[in-house]
Amino acid sequence: MRDETCSLDAAEKVNVRLTQDILVGMQEHTWRDFFDAHAPQYENNPFTQHSAQEVQFLLNLYPVPTGASILDVGCGTGRHAREFARRGMRVTGIDISPGMLRVARDKSAQQKLEIEFIEADARSFTLDRLY
């Protein structure tokens, strides 16, 4: 087997890095747009129909007391956040998609659940509290 390592000069490395930055930016925008558009029908997907069982599975693995603070990163439409809130947890959900968060807020309000939803990028957000 032949070793085919590639050596880049400084200008080529800058070009590669700029290309990577552009692609990451495109991916962020593309995913945000995708989930914004899909948000109204997201919970019609078959894989979303077992939220209560999924949350119960997590609580069986990691028992937390009623009233504990839960941070739901990438909360989407809040399907897991709502299940945690029903069980008496204080829940904060973050998501990059305003469309998904709109659905999350609407469904939580309809069900009279108090959940804090924050629009943020999971890779770079900060909060002033611990979970």
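**Aromatic pairs and an enclosed helix in a predicted model**

Modeller: At 41% relative accessibility, Phe 34 is classed as partly exposed in this predicted model.

Colleague: Which residue forms an edge-to-face aromatic pair with Phe 34, at 5.8 Å centre to centre?

Modeller: Helix α1 (residues 10–38) holds both partners, which are 3 residues apart, about one turn of the helix. Residues three or four places apart in an α-helix point the same way, because there are 3.6 residues a turn. With 90° between the planes, the partner of Phe 34 is Trp 31.

Colleague: In the pair of Tyr 42 and Phe 47, what is the angle between the planes?

Modeller: Tyr 42 counts as buried at 14% relative accessibility, whereas Phe 47 is partly exposed at 45%. Their rings lie 5.7 Å apart, centre to centre, in an edge-to-face pair, and the angle between the planes is 75°.

Colleague: Is Tyr 62 buried or exposed?

Modeller: Tyr 62 is placed in the loop between α2 and β1. Together with Phe 57, Leu 58 and Leu 61, Tyr 62 forms a nonpolar surface patch of about 440 Å² accessible area. The cut-off for the exposed class is over 50%. Since the relative accessible area of Tyr 62 is 57%, the residue is exposed.

Colleague: How many of the 8 residues of helix α3 (residues 79–86) are buried?

Modeller: The buried residues of α3 include Arg 79, Phe 84 and Ala 85. Their packing partners are α2 (51–61), β1 (69–73), β2 (90–95), α4 (98–110) and β3 (115–119). Helix α3 is largely enclosed by the rest of the structure because the number of its residues that are buried is 6 of the 8.

Methods. Residues are numbered from 1 along each chain as its sequence is written. This is a predicted model: local features need pLDDT of at least 70, side-chain atom pairs count only at pLDDT 80 or more; totals for chains, interfaces and linings use all residues. Side-chain values use heavy atoms; hydrogens and water are left out. Buried means under 20% relative accessible area, exposed over 50%, partly exposed in between (1.4 Å probe, protein chains only). Helices (H or I, at least four residues) and strands (E, at least two) are DSSP runs, numbered from the N terminus. Contact means heavy atoms within 4.5 Å. Patches are made of residues with over 30% relative accessible area and no salt bridge: like charges are joined within 9 Å, nonpolar side chains (Val, Leu, Ile, Met, Phe, Trp, Tyr) within 5 Å. Accessible areas come from the Shrake-Rupley method with a 1.4 Å probe; for residues, only the protein chains shown count as cover. A salt bridge is a side-chain nitrogen of Lys or Arg within 4 Å of a carboxyl oxygen of Asp or Glu. Rings of Phe, Tyr and Trp (its six-membered ring) pair if their centres lie within 6.5 Å; planes under 30 degrees apart count as stacked, over 60 as edge-to-face and the rest as tilted.
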